[in-house]
Amino acid sequence: MSDRGGAGGSRRRRTGSRPSGQGGGVRDVGAGGDAPASAPEKDKDRDADVGGSPWDLRCHRLQDSLFSSDSGFSNYRGILNWCVVMLILSNARLFLENLIKYGILVDPIQVVSLFLKDPYSWPALCLVIVANAFAVAAFHVEKRLAVGALTEQAGLLLHTLNLATILCFPASVAFLLESITPVGSVLALATYTILFLKLFSYRHVNLWCREHRASAKAKAEGQRGAAQPPGTVSYPDNLTYGDLYYFLFAPTLCYELNFPRSPRIRKRFLLRRLLEMLFFTQLQVGLIQQWMVPTIQNSMKPFKDMDYSRIIERLLKLAVPNHLIWLIFFYWLFHSCLNAVAELMQFGDREFYRDWWNSESVTYFWQNWNIPVHKWCLRHFYKPMVRRGYSKWVARTGVFLASAFFHEYLVSIPLRMFRLWAFTGMMAQIPLAWIVSRFFRGNYGNAAVWLSLIIGQPVAVLMYVHDYYVLHHEALAAEA
């Protein structure tokens with residue numbers, strides 16, 4: 001050992017290199033340190049390492065395991081990829097089992113029957129067309145308010161009657177007309193609900209403009225008004241049919257006089273969104289027919305027998321396809337559809353969702369998964385209540401009450417039964433939000449939010465399907 005060390009030292013002296021005294025036998029590289037070492041240089045490094053002190057031979061240091069929280073390690077991308085692979089494999093097994101057990105159940109003709117009972121009767125489409133009358137009525141009320149032909153009290157009364165009719169008229173038709181299907185009713189009622197929210201915002205913003213015009217006129221009496229920026233519209237020049245229908249078709253619920261506009265239509269971007277819309281529509285229909293419908297049908301007997309263990313098993317079995325379809329629906333609607341409409345209309349604000357998947361509280365989820373509705377609630381419901389002296393808790397509860405009403409409105413009327421499962425599920429978010437924020441933090445809070453989404457929706461689905469089955473099929477069988 002000493003001979004080799006001496007030989008190594010003599011070689012270092014002959015080559016003129018300086019041995020390092022800072023451990024590990026590190027060479028003094030200099031400017032050319034990035035160049036690969038030659039074979040003689042590797043020999044010198046090995047000889048220097050072996051010939052050093054015992055402290056130079058150490059290979060351990062004070063450190064934590066990577067899974068310990070104190071290690072500061074956070075790159076778990078490989079584990080995430082493993083989870084994705086396992087998820088794909090497990091769902092592929094379930095899908096293969098479904099095919100072996102039931103065969104191919106996808107039937108495009110059956111999809112058409114969900115929208116139409118009679119090919120010569122299109123009640124849902126007629127309802128959507130009639131909705132234009134309510135938009136035109138709101139427009140003319142605003143035109144007369146702008147020129148002072150109506151008082152604010154009379155305008156408020158007319159807008160209230162118009163908005164109330166928007167909710168009651170399609171509900172009456174869907175509930176009383178036998179030729180309309182539940183799916184057609186949902187689409188028609190969703191259209192009228194969107195129209196209600198848009199016209200509420202339309203009236204609200206124009207009212208603010210009139211109030212601002214009156215206050216500005218009183219303050220600037222005898223003074224020259226400030227010039228408008230070029231290319232912008234001011235009140236009442238916004239009261240045109242073109243402006244109204246741009247807002248009605250724009251992917252937003254909140255009205256503005258001057259929306260942000262994109263400079264051009266990106267054809268490739270639009271084509272990608274349209275192809276996504278087509279693909280994910282077919283995928284959702286296939287998954288519902290092939291995966292969800294058999295599971296729901298097999299869940300009726302455990303519900304009828306009140307076999308709780310089988311009910312829980314069916315609930316967990318339904319949770320996987322239901323949640324997968326919900327995620328696909330989210331991407332299809334909020335990314336593909338809304339971006340396609342925005343691109344066609346050159347609508348510039350594309351924030352239709354935020355990072356709700358990172359939600360560590362129920363409140364954060366509801367504030368970020370549906371931005372158009374959140375902006376409307378914040379602008380036209382929550383802030384006005386707070387400005388009128390209500391507490392933030394009361395205002396927040398009011399927002400959940402309104403959301404619960406519309407959820408029940410879109411489910412109970414098309415099914416023609418009132419069970420309040422959707423209303424109860426939405427109102428249950430208030431205590432759930434308190435429990436999650438009080439007892440769960442960080443990743444535990446995020447897991448609690450995901451668990452509520454995965455389990456909560458199948459519970460509501462099974463409740464409504466069971467009640468619908470009992471009300472329609474068993475009652476008809478008993479009568480027969």
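Which residues do ring pairs link into a cluster? They are Trp 326, Phe 330, Phe 334, Tyr 353, Trp 356, Trp 357, Phe 365, Trp 366, Trp 369 and Trp 450. Rings of Phe, Tyr and Trp (its six-membered ring) pair if their centres lie within 6.5 Å; planes under 30 degrees apart are called stacked, over 60 edge-to-face, and the rest tilted. The structure holds 38 aromatic pairs.

A word on the model itself. It is a predicted one, with local features needing pLDDT of at least 70 and side-chain atom pairs pLDDT 80 or more, while totals for chains, interfaces and linings use all residues. Residues are numbered from 1 along each chain as its sequence is written, and side-chain values use heavy atoms, with hydrogens and water left out.

As for the overall make-up, the chain comes to 17 helices and zero strands; these are DSSP runs numbered from the N terminus, helices being H or I with at least four residues and strands E with at least two. Of its 480 residues, 33% count as buried, where buried means under 20% relative accessible area, exposed over 50% and partly exposed in between, using a 1.4 Å probe and protein chains only. Among contacts (heavy atoms within 4.5 Å) with a separation of 6 or more, 74% come from residues 24 or more positions apart.

Helix packing comes next. Helix H5 (residues 123–146) packs against helix H7 (residues 182–219) at about 10 degrees, with the axes 10 Å apart. That makes the two roughly parallel: the label goes to angles under 35 degrees, while over 145 is roughly antiparallel, 65 to 115 roughly perpendicular and the rest oblique. Axes here are lines fitted to C-alpha atoms, for helices over the stretch in contact, and angles run from 0 to 180 degrees between N-to-C directions. The residues of this contact split into 16 nonpolar, three polar and four charged. Ala, Val, Leu, Ile, Met, Phe, Trp, Tyr, Cys and Pro count as nonpolar, Asp, Glu, Lys and Arg as charged, and the others, Gly among them, as polar.

H7 also meets helix H8 (residues 241–249), and here the axes come within 10 Å and cross at roughly 135 degrees. The two are therefore oblique to each other. On the H7 side the contact involves Leu 195, Lys 198, Leu 199, Ser 201 and Tyr 202, and on the H8 side Asp 243, Leu 244, Phe 247 and Leu 248. By class, that gives six nonpolar, one polar and two charged residues. In H8, Asp 243, Leu 244, Tyr 246, Phe 247 and Leu 248 are buried, and what covers the buried residues of H8 includes H5, H7 and helix H11 (308–345).

Tyr 202 and Phe 247 are stacked, 6.5 Å centre to centre with 15 degrees between the planes.

Most residues other than glycine have a negative phi, and most peptide bonds are trans. Yet the bond from Tyr 235 to Pro 236 is cis, with omega near 5 degrees, and Pro 236 lies in the loop between H7 and H8. Gln 346 is not a glycine but has a positive phi of about 55 degrees, and is found in the loop between H11 and helix H12 (362–368).
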